[in-house]
Amino acid sequence: MFAALPDALSGEVFEELVHAGSVRIERIVSRGQQTPEGDWYDQQEHEWVIVLQGAARVILETAAGDSDESSVNEVALEAGDYLNIPAGCRHRVSWTAPDQVTIWLAVFYR
């Protein structure tokens with residue numbers, strides 16, 4: 001996970017490690033990147049993600065019960081912290097450490 005890291009200076013690098021049936025596992029390498037302002041991930045599969053090295057912040061948009069309103073939460077992640085993002089939950093990376101490589105392990109599942 002920590003060897004032969006790709007250069008993430010020009011952009012985040014997504015590497016598929018395993019894809020079997022409804023499960024996909026990726027290594028993501030970041031260094032100062034964030035999701036472009038106004039862009040959101042909104043995927044059809046659940047995503048469990050752990051930061052193995054570095055630090056990041058993720059913004060989650062969640063529905064507020066029966067109303068049409070939503071709330072926004074920012075979650076700070078450091079090495080060892082993980083997050084489960086349900087399918088259909090809009091989210092974006094708001095920050096990754098600019099002075100070090102951040103290595104994520106992401107598991108996508110249905």
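Visitor: Which residues lie nearest the centre of the largest pocket?
Guide: You're looking at a predicted model, where local features need pLDDT of at least 70, side-chain atom pairs count only at pLDDT 80 or more, and totals for chains, interfaces and linings use all residues. Residues are numbered from 1 along each chain as its sequence is written, and side-chain values use heavy atoms, leaving out hydrogens and water. A pocket is an open set of points on a 1 Å grid over the protein atoms alone, where a 1.4 Å probe fits, with protein on both sides within 12 Å along at least five of seven lines; lining residues have an atom within 4 Å of a point. Here 15 residues do the lining, and nearest the centre lie Phe14, Ile28, Tyr41, Glu47 and His91.

Visitor: Which element gives the largest share of that lining?
Guide: Strands (DSSP runs of E, at least two residues, numbered from the N terminus) S2 (23-30), S3 (46-53), S7 (90-96) and S8 (102-109) each give two or more residues to the lining of the largest pocket. With 3 residues, the largest share comes from S2.

Visitor: What is the bridge partner of His46 in S8?
Guide: S3 and S8 run antiparallel and are joined by 7 bridges. Look along S8 for the partner of His46, and you'll find Tyr109.

Key: Helix = DSSP H or I, 4+ residues; strand = E, 2+ residues; numbered from the N terminus. Pairing = 2+ DSSP bridges.
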